[in-house]
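This report goes through one protein model with the sequence and the 3D view side by side. Please keep both open while reading.

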Amino acid sequence: MKSFEGYMHGVNLGGWLSQCDHTKERYETFITKKDIGTIKDWGLDHIRVPVDYELVEDKAGNYREEGFGYIQRAIDWAGESGLNMVLDLHKTYGYSFDDGYEEKGFFDNEDYQERFYRLWEQFAKRFGEYEDRVCFELLNEVTAKEYSDRWNRILTTCIERIRVIAPTIKILTGGYYNNSIMALKDLALPHDENIVYNFHCYEPLIFTHQGAHWIPTMDTKFRMPFEVAYGEYAEHIRANLNHESAEINSFPADAVIGPEYFELYMQEAVRVAEERNVMLYCGEYGVIELADPADALKWYDLITACFNKYGIGRAAWTYKEMDFGLDVPEMAPVRKKL
């Protein structure tokens, strides 16, 4: 499997230019040059920078030069610190992975899709010259499987239009079910050798999202350690997520969760990547701040071992706040090891 060189150990800057109130104060203060230096000191090689269309567009589609300037500043800061960068469009006009933003119609509206293409052409014109240390991620977390064929058509067209301007910059694509591993097989075949297949991993969700208030079926007071038997995991999943887990149920109920879980979970991603000779990247993975930090570290240990075994690049979610922050007091006891 091809390795995604320069993007093996990263962290997301969620909540800075995306999933925020989109104010100048937020842009200026949430992440500073000092934070980029801290990330470099942690020994990482790249940052993933989510951006929403509101940063660079108004509702009518007119471009905001100041917004492009913040992206340029992120690229400059990263370059000065020797970090690479993934530019991730987290929300486009007419679509967001989060229904709460009430962005609708993108997959059925050709005008919205054209606006998406034009925005990526703008990104390519402005930032394509940094292809040695910047890559493009077309759209964060397509949700419904029913969008698959339309999304393949849209991403193919978008890549073709970017390629006119930036012929060899690396481009990340992910599939339905919020960049699920199971969606990778249904992604369009790689357009060229500079395409990267992108997935997200928060499994077992019952552990990484324990007590998450945004999951309707979750008991917000629910907490659990990491190293427990698969049977206990299955019980908690049924009680708080209201479904079954094929991966969890594949192991003996009395066996304690271990590296075999992630090996099984990622084997489909590895299979598809090897079959199509494409680079593989996990753009998000992490544990909610409500979990015990020592248990979170155990989870990171096991998933990291699997990433390393197969040479999978990744970026943890996320640097600060957003319910998953690494640079928060709760993680202080384990941050150095992490």
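Predicted model: local features only at pLDDT ≥ 70, side-chain atom pairs only at ≥ 80, totals over all residues.

In which hand, left or right, does H11 pass H12? H11 passes H12 in a right-handed crossing.

## Helices H11 and H12

Helix H11 covers residues 259-276 and helix H12 covers residues 293-310. Their axes come within 9 Å and cross at roughly 40 degrees. An angle of 65 to 115 degrees would count as roughly perpendicular, and one under 35 degrees as roughly parallel. H11 and H12 are therefore oblique to each other.

On the H11 side, the contact is made by Pro-259, Phe-262, Glu-263, Met-266 and Val-270. On the H12 side, these residues meet Trp-299, Leu-302, Ile-303, Cys-306, Phe-307, Lys-309 and Tyr-310. Sorted by class, the residues of this contact are ten nonpolar, no polar and two charged.

## Helices H2 and H4

Helix H2 (residues 33-41) and helix H4 (residues 65-81) have axes that come within 10 Å and cross at roughly 40 degrees. That angle makes H2 oblique to H4. The crossing of H2 and H4 is right-handed.

H2 contributes Lys-33, Ile-36, Gly-37 and Lys-40 to the contact, and H4 contributes Trp-77, Ala-78, Glu-80 and Ser-81. The contact of H2 with H4 has three nonpolar, two polar and three charged residues.

## Helices H5 and H6

The axes of H5 and H6 come within 9 Å, with a crossing angle of roughly 30 degrees. The crossing of H5 and H6 is right-handed.

Which residues meet where H5 and H6 are in contact? From H5 come Gln-113, Glu-114, Phe-116, Tyr-117, Arg-118, Trp-120, Glu-121, Ala-124 and Lys-125. From H6 come Trp-151, Arg-153, Ile-154, Thr-157, Cys-158, Arg-161, Ile-162 and Ile-165. By class, the contact of H5 with H6 has nine nonpolar, two polar and six charged residues.

## Aromatic pairs

How many aromatic pairs does the structure hold? The structure holds 31 aromatic pairs. One of them joins Phe-106 and Phe-116, with 5.3 Å centre to centre and 70 degrees between the planes, and this pair is edge-to-face. Phe-106 lies in the loop between strand E4 (95-96) and helix H5 (110-127), while Phe-116 lies in helix H5, so the pair ties together parts that are ten residues apart in sequence. Both Phe-106 and Phe-116 are buried.

Trp-214 and Phe-324 form an aromatic pair that is tilted, with 6.3 Å centre to centre and 50 degrees between the planes. This pair links distant parts of the chain, 110 residues apart. Trp-214 is in the loop between helix H8 (205-208) and helix H9 (230-240), and Phe-324 is in the segment after strand E9 (313-316). Trp-214 is partly exposed, with a relative accessible area of 38%, whereas Phe-324 is buried, with a value of 4%.

## A cluster and a buried threonine

Phe-106 and Phe-116 also belong to one aromatic cluster, together with Tyr-95, Phe-107, Tyr-117, Tyr-147 and Trp-151.

Thr-92 lies in strand E3, which covers residues 84-92. Is Thr-92 buried or exposed? Thr-92 has a relative accessible area of 3% and is buried. Leaving aside its neighbours within four places in sequence, Thr-92 is in contact with Tyr-53, Glu-103, Phe-106, Phe-116 and Leu-139.

## Backbone details

A cis peptide bond joins Glu-203 and Pro-204, with omega at about -10 degrees. Pro-204 is in the loop between strand E7 (195-201) and H8. A cis peptide bond also joins Trp-317 and Thr-318, where omega is about 0 degrees. Thr-318 is in the segment after E9.

Gln-19 is not a glycine, yet its phi is positive, near 50 degrees. Gln-19 is in the loop between strand E1 (10-12) and helix H1 (24-29). Glu-141, which is not a glycine either, has a positive phi of about 50 degrees. Glu-141 is in the loop between strand E5 (134-137) and helix H6 (148-165). With a relative accessibility of 7%, Glu-141 counts as buried.

Notes: Residues numbered from 1 in each chain as written. Heavy atoms only, no water. Axes fitted to C-alpha atoms, helices over the stretch in contact; angles between N-to-C directions. Helix = DSSP H or I, 4+ residues; strand = E, 2+ residues; numbered from the N terminus. Parallel < 35°, antiparallel > 145°, perpendicular 65-115°, else oblique. Left-handed = near helix turned anticlockwise from the far one by under 90°. Contact = heavy atoms within 4.5 Å. Nonpolar A, V, L, I, M, F, W, Y, C, P; charged D, E, K, R; others polar. Phe/Tyr/Trp six-rings, centres within 6.5 Å; stacked < 30°, edge-to-face > 60°. Buried < 20%, exposed > 50% of the residue type's maximum accessible area, 1.4 Å probe, protein only.
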